[in-house]
Amino acid sequence: MKEFLSPENVELWVSVPGLLLAGFIIAYFGAPAIVWTAFLLVAMAGFGASNTALLIVGAVCLIFILPPIRRILLSKPLMNLINKLGLLPAISETEKIAIDAGTVWVEKEFFTGKPNFNELLSQPYEKLSEEEQAFVDGPCQELCEMVHDWDIQCDGDLPPEAWDYIKKEGFFSFIIPKRYGGKEFSGLAVSSIVGKLTAASGPLGTTVMVPNSLGPAELLLHYGTEEQKNHYLPRLADGREIPCFALTEPTAGSDAGSITANGVVFKKDGQPYVRLNFNKRYITMAAVSTVMGLAFKLSDPENILGKAEDLGITVALVPSNSEGVTLGRRHDPMGASFYNCPVNGKDVELPIKDFIIGGEAGAGKGWRMLMDCLSAGRAVTLPASSTGVAKLCYYSIGAYAKVRKQFGISIGKFEGVQEPMSRIGGYTYLLEAARVYTCGAVDKGEKPSVVSAIAKYHFTEIGRKIINDAMDISGGSGISRGPHNIFANHYISTPIGITVEGANILTRTMIVFGQGLIRCHPFVKGQVDALETGDVKGFDKAFWSHQKFVIRNICRAVGLSLTRGHIAPQSGGFLAKYKRKINWGSAVFASLADMIMVSYGGALKRKENITGRMGDMLSWMYMASCVMRRYEVEGQNVAHKDHAVWALEYCMQQYQEALQKVLQNVNVPGLTWLLRGPIRHFFRLNSFGNGVSDRTGQKIAEDMMKADTTRDAMCIHTYETENDDKGIGRLNKAFLAECSAGDAQKKVMDGVRKKVINKDKPQDLLKAAQDKGLISETEAEMLANTHKSSVNAIQVDAYKVEEYLKNKHPKAVN
């Protein structure tokens, strides 16, 4: 014991931990190699190392410090080894284009392990312009009033007057510049309009959405010749042309690059033509279109264009009345009454100059066109539809929970109902935050391919949860279809959004993390590009910067995990807590990303469970940042705090669940036991989030049943109507009456509790309350009308048997 406590040993026990701590701090802050060299030499000298040893170590360190020497002795041999062992996965040209599509935006911050909150929380979070707001309040509202979702469902189409109004008011021209006769609206405006229309009727929203998303107008704007733009854009803007876009085929769905539609270049009348053959399906608007954008593989066997024989995917404009085009059929997607159709073409001949987008210069460039446009469009349209339905559910379920009474009280007072209500409220706040934040990127010129995939997947999945909760709460009135049903058609058609524009399963497992890792990681793409081109200097810089980056992030992950993020304090009031968690979560995520990438190598793209969960971790950090941005922009409104807390706690809980699944299943040679065992259990005890408290959920449910500014803010730009023929109008009328009658109802219930009046005769309750002087005659009349309105609002539709049996039963033609 005396030897253990001798001065020499005590000095050792103090100095070693001190050195380890100093090394940890240097790594935590990502110090350069020269600092590490100085630290190492000082430490060795302190322990009495000889001058020879110091010189040898200094010389070795010098290799890492001086890039020219490092490139010769380390980087070039390493490049040769990687190429020899085939560690770099083979990436096809199609995959490269898809990976390189669009732009990198704020999602890159989460790959750094140290996100810049000044960058994340300073992104545009805009409002509609006066012109755009006027359109939402005017023509958009008018179109919503013009249609009835039940009639569209039964008739299989929008009414003729709605089609005429859509063309007349330029609903197909939102993305077309004003110089061509379009509206030139922002992405936020397009999103807001589509969301409102979808709340009124899903098929109506889809009909307007598709021409303003990926299709002829978008492609022409970016890639068309001036002649093509001048001819088609004015005609698309005023409705003379109705567009569709034909990509999907029976054997090419999410794997769009495998399309079999083909075009062959030939000469006719001395001009280059293309002969097209195609078999497409699921093409929205095809049967009513006048011009279709067509994706196909172009070949030029005689090399007429002077480029190559196999030119690749190309996009052309095909007039729907072209000889050889077959239309006139439609699919039935979950009974939703928008046009979704097959379209075929046999030996369709068109001059290349006029109809291939971009003319001869556009031949073979279609895949890049599609990927770039999809990167922006997918961030706007489907998220808009999901958010539109979310606001409809918030607006209507809050009203229904107030109006519908059981056991003498509103069902929204029951905790069992409040829980799904709170999910609807929290999800809606979250979706609106992410919708506006993401549209802000598009409107400043970004084409955020990874973020658009995050938005497409999570908006539609959360939308599915919201409509499920709405159906559960509405019960019998939710499942009984008819003119007054609010939710059933949205519930039935929910899988459509899950499926289109890249099936959700593949979007989550292949795009979010797979593309994000290569595009958003600070150093991966630089290394890949350098290896492919043999750029030793570029590889040297990227590779060794990457090693320092890995060490820094691992140390940050350890330090932040041990202190729950407090080692890196944040500002922002109650938001500081969530900034700390995202900062901590980013360090953990970035460290795992590098471990996984090295461990799996080229096989990573086949480890879809791991990539899907890593994508979830990335997604929930992004979604939480959107919520924080919204809460700050809206002035940290205390009335909205519960909604923000719910959304942030939910994001952190989802991050935690994804992290646990990654740690449980990841395979990193030499570290698997550590990750699956001690580290996984450590994060179970030291969790990022355990979910939302009941009290927060109850407050949200209570807010949903109030006719106040909070409800207005949560349901901004949703469809409202006073039309009693529509379920939403009838229900809201009863809801407002219930809210107005609250004080009088309380007087009556107080009388019942004090046994001043007898509750056993409810039909005489109001008269008894009036006779006892509890309420006035005016209040009694108001309560009677309120009761009548509420009973009317909860009625469901019924039909004569003979009339019901007359419903159409079309016969399939193939």
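This is a predicted model: local features need pLDDT of at least 70, side-chain atom pairs count only at pLDDT 80 or more; totals for chains, interfaces and linings use all residues.

## Helix H28 and its surroundings

H28 itself runs over residues 672–685, which gives it 14 residues. From first C-alpha to last, H28 reaches 19 Å, close to the 20 Å expected at 1.5 Å a residue. If you follow H28 along its length, you will find a bend of about 35° at Ile679.

Is His643 buried or exposed? With a relative accessible area of 0%, His643 falls under the 20% cut-off and is therefore buried.

What does His643 touch, once neighbours within four places in sequence are left aside? The contacts are Tyr394, Gly425, Tyr429, Ile700, Asp703, Thr710 and Met714.

Just after H18 comes Gly445, with a positive phi of about 100°.

## Two ways for helices to pack

Two packed helices are described by the angle between their axes and the distance between the axes.

Begin with helix H11 (residues 187–200) and helix H12 (residues 202–209), whose axes are 5 Å apart and meet at an angle of about 150°. Because an angle over 145 degrees counts as roughly antiparallel, H11 is roughly antiparallel to H12. On the H11 side, the contact is made by Val194, Leu197 and Thr198; H12 supplies Gly202, Leu204, Gly205, Val208 and Met209. By class, the residues of this contact are five nonpolar, three polar and no charged.

Now turn to helix H19 (residues 449–474) and H26, which pack at an angle of about 85° with their axes 10 Å apart. H19 and H26 are therefore roughly perpendicular to each other. H19 brings Val450, Val451, Ile454, Tyr457, His458, Phe459 and Ile462 to the contact, while H26 brings Asp616, Leu618, Ser619, Trp620, Tyr622 and Met623. The classes here are 10 nonpolar, two polar and one charged.

## Ala189 in helix H11

Back in helix H11 you will find Ala189, which is buried with a relative accessible area of 1%. Apart from residues up to four places away in sequence, Ala189 touches Leu128 and Glu132. Glu777 is 588 residues from Ala189 in sequence, and their C-alpha atoms are 48 Å apart in space.

## Loops and positive phi values

Most residues other than glycine have a negative phi. Two residues to check with that in mind are Met334, with a positive phi near 60°, and Arg564, with a positive phi of about 55°. Met334 is in the loop between strand S6 (325–326) and strand S7 (340–351), and Arg564 is in the loop between H24 and H25. Met334 is partly exposed at 43% relative accessible area, and Arg564 is partly exposed at 31%.

The loop between S6 and S7 also contains Pro333, which counts as buried at 15% relative accessibility. Beyond residues up to four places away in sequence, Pro333 touches Phe338, Asn340 and Ile496. Pro333 and Ile496 are 163 residues apart along the chain, yet their C-alpha atoms are separated by 7.2 Å.

A last stop is Gly601, in the loop between H25 and helix H26 (608–633). Gly601 is partly exposed, with a relative accessible area of 30%. Its C-alpha atom is separated by 51 Å from that of Gly181, 420 residues away along the chain.

Technical notes: Residues are numbered from 1 along each chain as its sequence is written. Side-chain values use heavy atoms; hydrogens and water are left out. Axes are lines fitted to C-alpha atoms, for helices over the stretch in contact, and angles run from 0 to 180 degrees between N-to-C directions. Helices (H or I, at least four residues) and strands (E, at least two) are DSSP runs, numbered from the N terminus. Angles under 35 degrees count as roughly parallel, over 145 as roughly antiparallel, 65 to 115 as roughly perpendicular and the rest as oblique. Contact means heavy atoms within 4.5 Å. Ala, Val, Leu, Ile, Met, Phe, Trp, Tyr, Cys and Pro count as nonpolar, Asp, Glu, Lys and Arg as charged, and the others, Gly among them, as polar. The expected span of a helix is 1.5 Å times one less than its number of residues. The bend at a residue is the angle between axes fitted to the seven residues ending there and the seven starting there. Buried means under 20% relative accessible area, exposed over 50%, partly exposed in between (1.4 Å probe, protein chains only).
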